Amino acid sequence: MTKLKLAVLISGRGSNLQALIDACKVPGYPAEIAVVVSNNPEAQGLARAAEAGIPAMICDHTYFKGDKDGFEDALATIVEQSGAGLVCLAGFMRILSPRFLNRFRDRVINIHPSLLPAYKGLDTHARALAAGEKTHGCSVHVVTAGMDEGAVIAQTPVPIKAGDTEETLAARVLTEEHTLYPSVVAEIARGAVVIRQGRIERDAPLRHHDAVGTESPKPSEHTMSHDTHHHDHPVVADAQSVERAHAMWTAFTKATVVAGGAIVVVLILLAALVA
Ligand code: GRF
């Protein structure tokens with residue numbers, strides 16, 4: 001069985017990452033984690049990836065001071081080079097722009113702690129409690145440019161109990177997240193759920209380009225790589241190499257400006273000589 005390769009993007013604790021790691025260890029599970037990327041060098045999830053022997057990379061947005069395009073291009077390169085066919089956001093605290101999402105159309109999903117479309121954004125448990133809800137829960141959805149707005153793939157409701165605090169409710173929802181996320185990933189990997197142009201199709205007849213994780217996929221059709229070179233292992237992009245690449249790019253742009261200036265000076269001198 002060819003497994004669907006996952007890129008898991010994290011920013012912190014990584015308990016959903018752990019749930020995916022554990023699911024991937026179960027024989028017959030149709031997906032495997034190709035790479036874990038964190039924008040936060042301190043993320044606890046990085047240690048979980050290391051413990052599981054999964055390539056873990058840091059793509060620190062603070063190195064790209066105000067250059068969101070540069071950050072997202074670096075992130076996209078890491079994901080593409082891993083050969084992942086599905087990007088799973090798991091507590092990833094950066095909003096991805098169309099620039100990134102268009103490179104991975106219909107291939108980015110997220111887990112969110114509420115029954116979407118209710119309670120998008122942060123502090124979902126506190127807001128659900130304050131509103132006197134009877135039921136809360138979690139959702140896995142397609143990622144679009146609007147925050148927590150893409151089509152919902154699956155949800156698990158969690159009853160709110162009398163006396164629940166933000167912490168007790170969050171803990172019960174999190175437990176459900178850990179079951180929901182791996183099960184949705186498995187459905188996508190088996191082709192039971194297909195994301196097409198942002199919409200969800202269930203039990204759709206498999207077409208060639210849906211055939212992720214099936215017996216005889218065409219390799220190039222279930223990865224997102226636009227790279228013609230095949231990489232068996234992702235290229236390690238730790239904090240230092242991201243910084244180095246950034247410094248090289250800055251040096252290159254400076255050199256281009258200097259060279260351009262020199263050419264203009266030479267042209268002026270030539271014009272003066274001719275005149
Ligand atoms: C989870 O509650 C998830 O739903 C939300 O961020 C939290 C991440 O937790 N998007 P963890 O890092 O997976 O433990």
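Guide: The side chains of Arg-99 and Asp-73 form a salt bridge, with N and O 2.6 Å apart; the term stands for a side-chain nitrogen of Lys or Arg within 4 Å of a carboxyl oxygen of Asp or Glu. The model is a predicted one, in which local features need pLDDT of at least 70 and side-chain atom pairs count only at pLDDT 80 or more, while totals for chains, interfaces and linings use all residues. Residues are numbered from 1 along each chain as its sequence is written, and side-chain values use heavy atoms, with hydrogens and water left out.

Arg-99 belongs to helix α4 and Asp-73 to helix α3, so this pair ties together parts that are 26 residues apart in sequence. Helices here are DSSP runs of H or I of at least four residues, and strands are runs of E of at least two, numbered from the N terminus. Asp-73 has a relative accessible area of 24% and is partly exposed. On this scale buried is under 20% relative accessible area, exposed is over 50%, and partly exposed lies in between, with a 1.4 Å probe and protein chains only.

Arg-99 also forms a salt bridge with Asp-69, where the closest N and O atoms are 3.5 Å apart. Again the link runs from helix α4 (residues 98–101) to helix α3 (residues 68–82), so Arg-99 and Asp-69 tie together parts that are 30 residues apart in sequence. Arg-99 counts as partly exposed at 39% relative accessibility, and Asp-69 counts as partly exposed at 38%.

As for the general principle, side chains of opposite charge can pair when their charged atoms come close.

Elsewhere, the side chains of Glu-201 and Arg-196 meet in a salt bridge at 3.0 Å, N to O. Glu-201 is partly exposed, with a relative accessible area of 27%, whereas Arg-196 is buried, at 17%. Back at Arg-99, salt bridges that share partners join Asp-69, Asp-73, Glu-80, Arg-99 and Arg-103 into one network. Over the whole structure, the search finds 9 salt bridges.
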